[in-house]
Amino acid sequence: MENLKKHISMKSFFIFLTLLVVSVLAATCPLYLAPFTIISVTNVFIYVVITMSWALFSGPTRYISIATAAFFGMGIYTSALAGELIPFPLVVCLGGVVSFVLALLVGLSTLRLKGMYFTIFTFGLSELIRHAVLWWEVTKTGTVGRWVVSIDHTPVYYTMLIIFVVTLAVCYATGRSRYGLALKGIGQSEEAADHMGVNVTSVKIGVFALSAFFAGATGATMATRWTYIDPSIAFNPLFSFMPILMATFGGIASITGQIIGAVALTLLADLLLTEFPYYYMLIYGVILVIVILFLPGGIVGLGRSIKKL
(Lines give C-alpha, C1' and ligand atoms only; values in the text may rest on other atoms or scores of the structure.)
Protein backbone atom coordinates (compact mmCIF):
# COMPACT_ATOMS: atom_id res chain seq x y z
CA MET A 1 0.00 0.00 0.00
CA GLU A 2 2.84 2.35 0.85
CA ASN A 3 4.55 1.65 -2.49
CA LEU A 4 1.27 2.24 -4.30
CA LYS A 5 0.83 5.62 -2.61
CA LYS A 6 4.41 6.55 -3.49
CA HIS A 7 3.85 5.52 -7.11
CA ILE A 8 0.67 7.59 -7.34
CA SER A 9 2.33 10.63 -5.78
CA MET A 10 5.31 10.36 -8.14
CA LYS A 11 3.00 10.01 -11.12
CA SER A 12 0.98 13.05 -10.01
CA PHE A 13 4.21 15.02 -9.55
CA PHE A 14 5.44 14.22 -13.05
CA ILE A 15 2.01 15.09 -14.53
CA PHE A 16 2.03 18.41 -12.66
CA LEU A 17 5.61 19.14 -13.75
CA THR A 18 4.79 18.33 -17.38
CA LEU A 19 1.72 20.55 -17.34
CA LEU A 20 3.74 23.37 -15.76
CA VAL A 21 6.46 23.17 -18.42
CA VAL A 22 3.91 23.02 -21.24
CA SER A 23 2.00 25.98 -19.76
CA VAL A 24 5.15 28.10 -19.53
CA LEU A 25 6.14 27.25 -23.11
CA ALA A 26 2.63 27.99 -24.38
CA ALA A 27 2.47 31.31 -22.52
CA THR A 28 5.82 32.46 -23.91
CA CYS A 29 5.29 31.30 -27.53
CA PRO A 30 4.50 34.81 -28.90
CA LEU A 31 7.88 36.01 -27.61
CA TYR A 32 9.98 33.79 -29.88
CA LEU A 33 7.72 32.38 -32.62
CA ALA A 34 6.84 34.04 -35.92
CA PRO A 35 3.34 35.55 -36.28
CA PHE A 36 2.38 32.93 -38.87
CA THR A 37 3.28 30.15 -36.44
CA ILE A 38 1.25 31.79 -33.67
CA ILE A 39 -1.76 31.96 -35.99
CA SER A 40 -1.31 28.26 -36.83
CA VAL A 41 -1.11 27.32 -33.14
CA THR A 42 -4.24 29.39 -32.48
CA ASN A 43 -6.01 27.44 -35.20
CA VAL A 44 -4.97 24.20 -33.50
CA PHE A 45 -6.37 25.47 -30.17
CA ILE A 46 -9.69 26.25 -31.87
CA TYR A 47 -10.18 22.72 -33.17
CA VAL A 48 -8.91 21.13 -29.96
CA VAL A 49 -11.48 23.08 -27.93
CA ILE A 50 -14.47 22.32 -30.16
CA THR A 51 -13.41 18.65 -30.29
CA MET A 52 -13.17 18.37 -26.50
CA SER A 53 -16.41 20.27 -26.01
CA TRP A 54 -18.22 17.97 -28.45
CA ALA A 55 -16.79 14.85 -26.77
CA LEU A 56 -17.68 16.17 -23.30
CA PHE A 57 -21.33 15.38 -24.03
CA SER A 58 -21.40 13.02 -27.00
CA GLY A 59 -18.50 10.81 -25.91
CA PRO A 60 -19.95 9.23 -22.76
CA THR A 61 -23.66 9.53 -23.65
CA ARG A 62 -23.30 8.27 -27.26
CA TYR A 63 -25.72 10.99 -28.37
CA ILE A 64 -24.10 12.06 -31.64
CA SER A 65 -24.65 15.80 -31.89
CA ILE A 66 -24.12 17.59 -35.21
CA ALA A 67 -25.06 20.99 -33.78
CA THR A 68 -21.55 22.29 -33.11
CA ALA A 69 -21.78 24.56 -36.16
CA ALA A 70 -24.92 26.17 -34.72
CA PHE A 71 -23.25 27.05 -31.40
CA PHE A 72 -19.97 28.00 -33.06
CA GLY A 73 -21.81 30.22 -35.55
CA MET A 74 -23.83 31.92 -32.82
CA GLY A 75 -20.55 32.86 -31.16
CA ILE A 76 -19.26 34.26 -34.46
CA TYR A 77 -22.35 36.39 -35.03
CA THR A 78 -22.31 37.57 -31.41
CA SER A 79 -18.77 38.81 -31.99
CA ALA A 80 -19.81 40.54 -35.22
CA LEU A 81 -22.76 42.28 -33.58
CA ALA A 82 -21.20 43.19 -30.23
CA GLY A 83 -17.55 43.66 -31.20
CA GLU A 84 -17.84 47.44 -31.50
CA LEU A 85 -19.96 47.86 -28.38
CA ILE A 86 -18.12 45.99 -25.60
CA PRO A 87 -14.51 44.94 -24.88
CA PHE A 88 -13.13 41.80 -26.51
CA PRO A 89 -13.07 39.61 -23.33
CA LEU A 90 -16.75 40.38 -22.72
CA VAL A 91 -17.55 39.55 -26.36
CA VAL A 92 -15.97 36.12 -25.90
CA CYS A 93 -17.96 35.49 -22.71
CA LEU A 94 -21.16 36.75 -24.33
CA GLY A 95 -20.64 34.41 -27.29
CA GLY A 96 -20.38 31.49 -24.88
CA VAL A 97 -23.46 32.58 -22.93
CA VAL A 98 -25.58 32.99 -26.08
CA SER A 99 -24.64 29.48 -27.24
CA PHE A 100 -25.24 28.13 -23.72
CA VAL A 101 -28.76 29.56 -23.65
CA LEU A 102 -29.50 28.27 -27.15
CA ALA A 103 -28.32 24.77 -26.21
CA LEU A 104 -30.35 24.93 -23.01
CA LEU A 105 -33.53 25.74 -24.95
CA VAL A 106 -32.76 23.09 -27.57
CA GLY A 107 -31.96 20.51 -24.92
CA LEU A 108 -35.19 21.13 -23.02
CA SER A 109 -37.20 20.26 -26.12
CA THR A 110 -35.10 17.65 -27.92
CA LEU A 111 -32.93 15.62 -25.55
CA ARG A 112 -35.78 13.18 -25.08
CA LEU A 113 -35.02 12.09 -28.65
CA LYS A 114 -32.61 9.19 -29.00
CA GLY A 115 -30.30 7.66 -31.55
CA MET A 116 -30.46 8.81 -35.13
CA TYR A 117 -33.50 11.00 -34.40
CA PHE A 118 -31.39 13.22 -32.12
CA THR A 119 -28.54 13.25 -34.67
CA ILE A 120 -30.84 14.23 -37.54
CA PHE A 121 -32.47 16.95 -35.44
CA THR A 122 -29.14 18.52 -34.43
CA PHE A 123 -28.01 18.65 -38.05
CA GLY A 124 -31.34 20.20 -39.03
CA LEU A 125 -30.94 22.75 -36.23
CA SER A 126 -27.67 24.05 -37.69
CA GLU A 127 -29.22 24.37 -41.14
CA LEU A 128 -32.36 25.99 -39.72
CA ILE A 129 -30.36 28.66 -37.88
CA ARG A 130 -28.15 29.29 -40.92
CA HIS A 131 -31.14 29.86 -43.20
CA ALA A 132 -32.98 31.88 -40.54
CA VAL A 133 -30.02 34.26 -40.17
CA LEU A 134 -29.72 34.49 -43.97
CA TRP A 135 -33.45 35.29 -44.28
CA TRP A 136 -33.21 37.95 -41.58
CA GLU A 137 -30.27 39.67 -43.24
CA VAL A 138 -31.80 39.61 -46.72
CA THR A 139 -35.30 40.72 -45.72
CA LYS A 140 -34.69 42.94 -42.68
CA THR A 141 -31.24 44.47 -43.08
CA GLY A 142 -30.94 44.32 -46.87
CA THR A 143 -27.41 42.91 -46.70
CA VAL A 144 -25.79 39.49 -46.48
CA GLY A 145 -22.97 39.21 -43.96
CA ARG A 146 -21.28 41.63 -41.57
CA TRP A 147 -17.91 43.20 -40.92
CA VAL A 148 -16.05 41.99 -37.84
CA VAL A 149 -13.79 44.02 -35.57
CA SER A 150 -10.30 42.57 -36.10
CA ILE A 151 -8.05 41.84 -33.11
CA ASP A 152 -4.27 41.38 -33.22
CA HIS A 153 -3.17 37.74 -33.36
CA THR A 154 -1.41 37.86 -29.96
CA PRO A 155 -4.51 38.67 -27.82
CA VAL A 156 -6.47 36.08 -29.84
CA TYR A 157 -3.76 33.50 -29.12
CA TYR A 158 -3.82 34.14 -25.37
CA THR A 159 -7.63 34.11 -25.33
CA MET A 160 -7.70 30.73 -27.05
CA LEU A 161 -5.02 29.45 -24.67
CA ILE A 162 -7.19 30.43 -21.70
CA ILE A 163 -10.29 28.83 -23.27
CA PHE A 164 -8.28 25.67 -23.94
CA VAL A 165 -7.03 25.45 -20.35
CA VAL A 166 -10.53 26.05 -18.93
CA THR A 167 -12.08 23.50 -21.32
CA LEU A 168 -9.42 20.93 -20.45
CA ALA A 169 -9.95 21.48 -16.71
CA VAL A 170 -13.76 21.23 -17.03
CA CYS A 171 -13.59 18.06 -19.16
CA TYR A 172 -11.12 16.45 -16.74
CA ALA A 173 -13.14 17.42 -13.66
CA THR A 174 -16.46 16.38 -15.20
CA GLY A 175 -15.13 13.00 -16.27
CA ARG A 176 -14.09 12.24 -12.69
CA SER A 177 -17.17 13.63 -10.98
CA ARG A 178 -20.57 12.11 -10.31
CA TYR A 179 -21.79 13.85 -13.45
CA GLY A 180 -19.20 11.96 -15.46
CA LEU A 181 -20.37 8.69 -13.95
CA ALA A 182 -23.96 9.66 -14.68
CA LEU A 183 -23.10 10.42 -18.31
CA LYS A 184 -21.36 7.06 -18.71
CA GLY A 185 -24.37 5.36 -17.14
CA ILE A 186 -26.67 7.13 -19.60
CA GLY A 187 -24.49 5.96 -22.47
CA GLN A 188 -24.58 2.35 -21.31
CA SER A 189 -28.25 2.17 -20.35
CA GLU A 190 -30.38 5.26 -19.92
CA GLU A 191 -33.21 3.29 -18.31
CA ALA A 192 -30.87 1.70 -15.76
CA ALA A 193 -29.35 5.08 -14.90
CA ASP A 194 -32.85 6.50 -14.38
CA HIS A 195 -33.82 3.60 -12.07
CA MET A 196 -30.64 4.17 -10.04
CA GLY A 197 -31.73 7.72 -9.25
CA VAL A 198 -29.88 9.71 -11.91
CA ASN A 199 -31.84 12.74 -13.09
CA VAL A 200 -31.18 11.80 -16.71
CA THR A 201 -32.84 14.79 -18.35
CA SER A 202 -31.15 17.40 -16.13
CA VAL A 203 -27.69 15.85 -16.54
CA LYS A 204 -28.00 15.64 -20.32
CA ILE A 205 -29.33 19.18 -20.71
CA GLY A 206 -26.75 20.69 -18.31
CA VAL A 207 -23.70 19.07 -19.92
CA PHE A 208 -25.03 19.68 -23.44
CA ALA A 209 -25.38 23.39 -22.67
CA LEU A 210 -21.95 23.47 -21.00
CA SER A 211 -20.32 21.97 -24.09
CA ALA A 212 -22.07 24.59 -26.24
CA PHE A 213 -20.61 27.39 -24.10
CA PHE A 214 -17.05 26.53 -25.12
CA ALA A 215 -18.03 26.20 -28.79
CA GLY A 216 -19.68 29.65 -28.67
CA ALA A 217 -16.73 31.29 -26.90
CA THR A 218 -14.38 29.77 -29.47
CA GLY A 219 -16.54 31.05 -32.32
CA ALA A 220 -16.58 34.56 -30.85
CA THR A 221 -12.79 34.46 -30.64
CA MET A 222 -12.24 33.04 -34.12
CA ALA A 223 -14.52 35.66 -35.70
CA THR A 224 -11.92 38.35 -34.95
CA ARG A 225 -9.51 36.61 -37.34
CA TRP A 226 -11.84 37.31 -40.24
CA THR A 227 -12.70 40.69 -41.70
CA TYR A 228 -16.09 39.62 -42.99
CA ILE A 229 -18.53 36.82 -42.11
CA ASP A 230 -21.84 35.63 -43.52
CA PRO A 231 -24.17 32.71 -42.63
CA SER A 232 -22.39 30.26 -44.94
CA ILE A 233 -19.07 31.01 -43.23
CA ALA A 234 -20.35 31.15 -39.64
CA PHE A 235 -22.58 28.07 -39.81
CA ASN A 236 -20.37 25.98 -42.09
CA PRO A 237 -21.33 22.28 -41.57
CA LEU A 238 -17.62 21.43 -41.41
CA PHE A 239 -17.58 22.86 -37.89
CA SER A 240 -20.03 20.11 -36.93
CA PHE A 241 -18.33 17.20 -38.68
CA MET A 242 -14.69 18.01 -37.98
CA PRO A 243 -14.91 17.54 -34.18
CA ILE A 244 -16.53 14.13 -34.72
CA LEU A 245 -13.78 13.07 -37.12
CA MET A 246 -11.01 14.41 -34.88
CA ALA A 247 -12.36 12.79 -31.73
CA THR A 248 -12.90 9.48 -33.54
CA PHE A 249 -9.41 9.59 -35.04
CA GLY A 250 -7.70 10.20 -31.70
CA GLY A 251 -10.04 8.27 -29.40
CA ILE A 252 -13.38 9.58 -28.19
CA ALA A 253 -13.11 8.03 -24.72
CA SER A 254 -9.83 9.77 -23.87
CA ILE A 255 -9.07 13.49 -23.49
CA THR A 256 -5.54 12.72 -24.63
CA GLY A 257 -6.93 11.02 -27.72
CA GLN A 258 -9.22 13.96 -28.47
CA ILE A 259 -6.28 16.38 -28.31
CA ILE A 260 -4.05 14.12 -30.44
CA GLY A 261 -6.79 13.72 -33.05
CA ALA A 262 -7.53 17.45 -33.22
CA VAL A 263 -3.86 18.47 -33.44
CA ALA A 264 -2.95 15.82 -36.03
CA LEU A 265 -5.90 16.46 -38.35
CA THR A 266 -5.67 20.26 -38.06
CA LEU A 267 -2.02 20.19 -39.12
CA LEU A 268 -2.88 17.66 -41.83
CA ALA A 269 -5.68 19.92 -43.10
CA ASP A 270 -3.26 22.87 -43.36
CA LEU A 271 -0.84 20.73 -45.34
CA LEU A 272 -3.51 19.30 -47.64
CA LEU A 273 -5.09 22.71 -48.27
CA THR A 274 -1.69 23.95 -49.40
CA GLU A 275 -0.66 20.95 -51.49
CA PHE A 276 -4.00 19.43 -52.60
CA PRO A 277 -6.70 22.11 -52.22
CA TYR A 278 -9.25 20.21 -54.35
CA TYR A 279 -8.82 16.79 -52.77
CA TYR A 280 -8.31 17.35 -49.06
CA MET A 281 -11.93 16.57 -48.09
CA LEU A 282 -11.73 13.34 -50.11
CA ILE A 283 -8.60 12.38 -48.20
CA TYR A 284 -10.34 13.26 -44.93
CA GLY A 285 -13.23 10.96 -45.89
CA VAL A 286 -10.83 8.11 -46.58
CA ILE A 287 -9.20 8.67 -43.17
CA LEU A 288 -12.61 8.53 -41.45
CA VAL A 289 -13.54 5.27 -43.19
CA ILE A 290 -10.19 3.69 -42.27
CA VAL A 291 -10.49 4.74 -38.62
CA ILE A 292 -14.05 3.42 -38.29
CA LEU A 293 -13.19 0.10 -39.95
CA PHE A 294 -9.77 -0.63 -38.46
CA LEU A 295 -9.27 1.71 -35.47
CA PRO A 296 -12.57 1.87 -33.55
CA GLY A 297 -10.68 3.04 -30.46
CA GLY A 298 -8.69 5.66 -32.38
CA ILE A 299 -4.95 6.26 -32.04
CA VAL A 300 -5.10 5.90 -28.26
CA GLY A 301 -6.95 2.59 -28.56
CA LEU A 302 -4.31 1.35 -31.00
CA GLY A 303 -1.55 2.31 -28.57
CA ARG A 304 -3.24 0.42 -25.74
CA SER A 305 -3.68 -2.65 -27.95
CA ILE A 306 0.02 -2.60 -28.84
CA LYS A 307 0.97 -2.36 -25.14
CA LYS A 308 -1.01 -5.51 -24.38
CA LEU A 309 0.93 -7.54 -26.97
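The model is predicted. Its largest pocket has a volume of about 1,700 Å³, and the second largest pocket holds about 320 Å³. There is also 1 cavity of 30 Å³ or more.

**Largest pocket**

- The volume of the largest pocket is about 1,700 Å³.
- Its lining is made of 49 residues, and those closest to the centre of the pocket are Leu168, Ser254, Ile255, Thr256 and Ile259.
- Two or more lining residues come from each of helix H1 (2–32), H2, helix H6 (153–175), helix H7 (178–188), helix H12 (255–275) and helix H14 (298–308).
- With 10 residues, H6 gives the most to this lining.
- Sorted by class, the lining of the largest pocket has 30 nonpolar, 15 polar and 4 charged residues.

**Second largest pocket**

- The space in the second largest pocket comes to about 320 Å³.
- Among the 19 residues that line the second largest pocket, Tyr47, Leu238, Phe239, Leu273 and Tyr280 are the closest to its centre.
- At least two lining residues are supplied by each of H2, H11, H12 and helix H13 (280–294).
- H12 provides the largest share of this lining, 5 residues.
- The lining of the second largest pocket divides into 14 nonpolar, 3 polar and 2 charged residues.

**Cavity**

- The largest cavity has a volume of about 90 Å³.
- Residues that line the largest cavity include Ser53, Trp54, Phe57 and Ser58, as well as Ser65, Thr68 and Phe71.
- Phe208, Ser211, Ala212 and Ala215 are also part of the lining of the largest cavity.
- Helix H2 (35–61), helix H3 (68–82) and helix H9 (200–222) each give at least two residues to the lining of the largest cavity.
- The lining of the largest cavity counts 6 nonpolar and 5 polar residues, with no charged residues.

**Nonpolar cores**

- The largest nonpolar core consists of 72 residues, and Phe71 and Phe208 have the most contacts inside it.
- A second, separate core has 5 residues, among them Trp54, Ile66, Ile244 and Ala247.
- Leaving aside residues up to four places away in sequence, Phe71 touches Ser99, Leu102, Ala103, Phe208, Ala212, Ala215 and Gly216.
- Phe71 and Phe208 also line the largest cavity, and so does Trp54.

**Ser240**

- Ser240 sits in helix H11 (residues 238–250).
- Ser240 counts as buried because its relative accessible area is 2%, and the cut-off for buried is under 20%.
- The side chain of Ser240 reaches two backbone nitrogens: that of Ala69 at 2.9 Å and that of Thr68 at 3.5 Å.
- Not counting residues up to four places away in sequence, Ser240 is in contact with Ile66, Ala67, Thr68, Ala69 and Ser126.
- Of these contacts, Thr68 is also one of the residues that line the largest cavity, and Ile66 belongs to the second core.

**Ser189**

- Ser189 is placed in the loop between H7 and helix H8 (190–195).
- Ser189 and Thr61 are 128 residues apart in sequence, and their C-alpha atoms are 9.3 Å apart in space.

Methods: Residues numbered from 1 in each chain as written. Predicted model: local features only at pLDDT ≥ 70, side-chain atom pairs only at ≥ 80, totals over all residues. Heavy atoms only, no water. 1 Å grid on protein atoms, 1.4 Å probe; cavity = no way out; pocket = protein on both sides within 12 Å on 5 of 7 lines; lining within 4 Å. Points joined across faces, edges and corners; volume = space filled by probe spheres on them. Helix = DSSP H or I, 4+ residues; strand = E, 2+ residues; numbered from the N terminus. Nonpolar A, V, L, I, M, F, W, Y, C, P; charged D, E, K, R; others polar. Buried < 20%, exposed > 50% of the residue type's maximum accessible area, 1.4 Å probe, protein only. Polar contact = N/O pair within 3.5 Å; in protein donor to acceptor, adjacent residues only side chain to side chain. Contact = heavy atoms within 4.5 Å. Core = buried A, V, L, I, M, F, W, Y, C linked by side-chain atoms within 4.5 Å.
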